[in-house]
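Please find below my notes on the model you sent. They are meant to be read beside the coordinates.

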Amino acid sequence: MTYTNCLFDHDGMPNKLKSILLISLYPISATGGGENYTLNCAKSISMANIGCELVAPSDRSFIGDSSERRFHKWFTKQVFNAGSVSYTTQETFREILESVPAYEYLWIHQYLATASVYDLLLATHNQQIIYLTNHGFEEYAEDFWIRYSRLPNHYFIEVSKYSAKRTQQYTKSVNHLYAGAWKKNLEISSDISITDKNKFVCVGRLLPHKAFEVAIDALPKTDHLVIIGPDSENPAYKKFLETKSRGKNVHIVGEVVSSEKDRIVASSIALLVNSSSVTYQNRVFPHSELLGLVVIEAILNNTLPITSSLPALKEVMSVLKIEHLVYQERNPKSLYEKMNLVRSLSNNEYRVLIEQAKDIIRQQFLWDNYWFNLQNIIRKS
């Protein structure tokens, strides 16, 4: 790798390090938990008066390309300042690699997505701090853990205890740090109430590991279910869900603007999170959820979540003290029982659970102090 000479002094070390280069090895243009996590991470860093530049592939073709062409693939760079994007540019992957040594920190999100993670790590030097965070796209996991060699300036920062435990099988210096909400969105509303005991909602991409069919199977004919989220990635699965929905009040509305999504969630009695480690076609997805930000999203909209028993979902529900709303994975009967449990709550009981969960989110899941909490964790590790 050839670096630009102006970045280095006569000893071959960087002249003046910039702040943080946050790179996602998976595109962040789509709407999803991992993408939103990365964007909020950059925003949080910049609000702590730390310069942050966020880069990500402009399209998905970069992920599987191990040829020389990958160096010429375009990446989108967003320069953050005080929580906002100052400007956006396009750079090639080669240009990004050449700039890596100039940053004090390199933070790689989705480090298991592609072999190009090695290009990034080889471009670093021992005066930098390297953070690595997984959001669940693990196409290159097996090869990475065979090849990876631990260095003292590398820190794995995972999104949950469950995710951190998986990483600890392969390396040390692994920590987890929760995040998912901004303080301004946590104002406790005095009008938290159940408006429609027959309306439920699901949020997420229409992909088989999200297991929306479990919610459809559990839904009585007298109830209503709205499914929100991008629906073009797997047409066969969408058709499967439409067939499942016949004779029931199920509305697959696709992706909607954020305000409309919030309105639908807020007007529902519960948000159903049905993610499963096994799809309807018996394909295994052991890492289908590593955190479950949609649980936090429900609480922010004054709506209780009901989730499957996947480890990461169960973890977050337990932290929020609503683990009694976890149902047995892929079991419509178990889900139906939890739906009725929420339906049986009085307005006061419902309000207490929401307010309690919001208090915990304020203590443990804020983006506002994310960077400072991370530095405390690193100092103690």
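This is a predicted model: local features need pLDDT of at least 70, side-chain atom pairs count only at pLDDT 80 or more; totals for chains, interfaces and linings use all residues.

1. Residues are numbered from 1 along each chain as its sequence is written, and side-chain values use heavy atoms, with hydrogens and water left out.

2. The second largest pocket holds about 200 Å³ of space. A pocket here is an open set of points on a 1 Å grid over the protein atoms alone, with protein on both sides within 12 Å along at least five of seven lines; a lining residue has an atom within 4 Å of a point. Grid points are joined across faces, edges and corners, and the volume is the space filled by probe spheres set on them. Among the lining residues are Tyr-118, Leu-121, His-125, Arg-147 and His-154. Helix α3 (residues 117-122) gives the most to this lining, with 3 residues; helices are DSSP runs of H or I with at least four residues and strands are runs of E with at least two, numbered from the N terminus.

3. By class, the lining of the second largest pocket has 5 nonpolar, 6 polar and 1 charged residues. Ala, Val, Leu, Ile, Met, Phe, Trp, Tyr, Cys and Pro count as nonpolar, Asp, Glu, Lys and Arg as charged, and the others, Gly among them, as polar.

4. The count of cavities of 30 Å³ or more comes to 1, a cavity being a set of points where a 1.4 Å probe fits but cannot get out. The largest cavity has a volume of about 30 Å³. Its lining has 4 nonpolar, 6 polar and no charged residues, including Ser-193, Ile-269, Asn-302 and Tyr-350.

5. Asn-302, from that cavity lining, also has a positive phi of about 60° although it is not a glycine. Asn-302 sits in the loop between α9 and β13 (304-308) and is buried at 18% relative accessibility. Buried means under 20% relative accessible area, exposed over 50%, and partly exposed in between, with a 1.4 Å probe and protein chains only. Arg-330 is another residue other than glycine with a positive phi, near 60°; Arg-330 lies in the loop between β14 (326-327) and α11 and is partly exposed at 28%.

6. How many disulfides does a search of the whole structure find? The search finds 0, a disulfide being a pair of cysteine sulfur atoms within 2.5 Å. For Cys-52, the closest cysteine sulfur is in Cys-41, 6.9 Å away and therefore too far for a bond. Cys-52 is buried at 2% relative accessibility, and Cys-202 is buried at 0%.

7. Glu-289 is in the loop between β12 (270-273) and α9 (293-300) and is buried, with a relative accessible area of 12%. Its side chain makes a polar contact of 2.9 Å with the side chain of Lys-210. A polar contact is a pair of N or O atoms within 3.5 Å; within protein, one must be able to donate a hydrogen and the other to accept it, and residues adjacent in sequence count only if both atoms are side-chain atoms. Leaving aside neighbours within four places in sequence, Glu-289 is in contact (heavy atoms within 4.5 Å) with residues including Tyr-162, Ser-275 and Leu-310.
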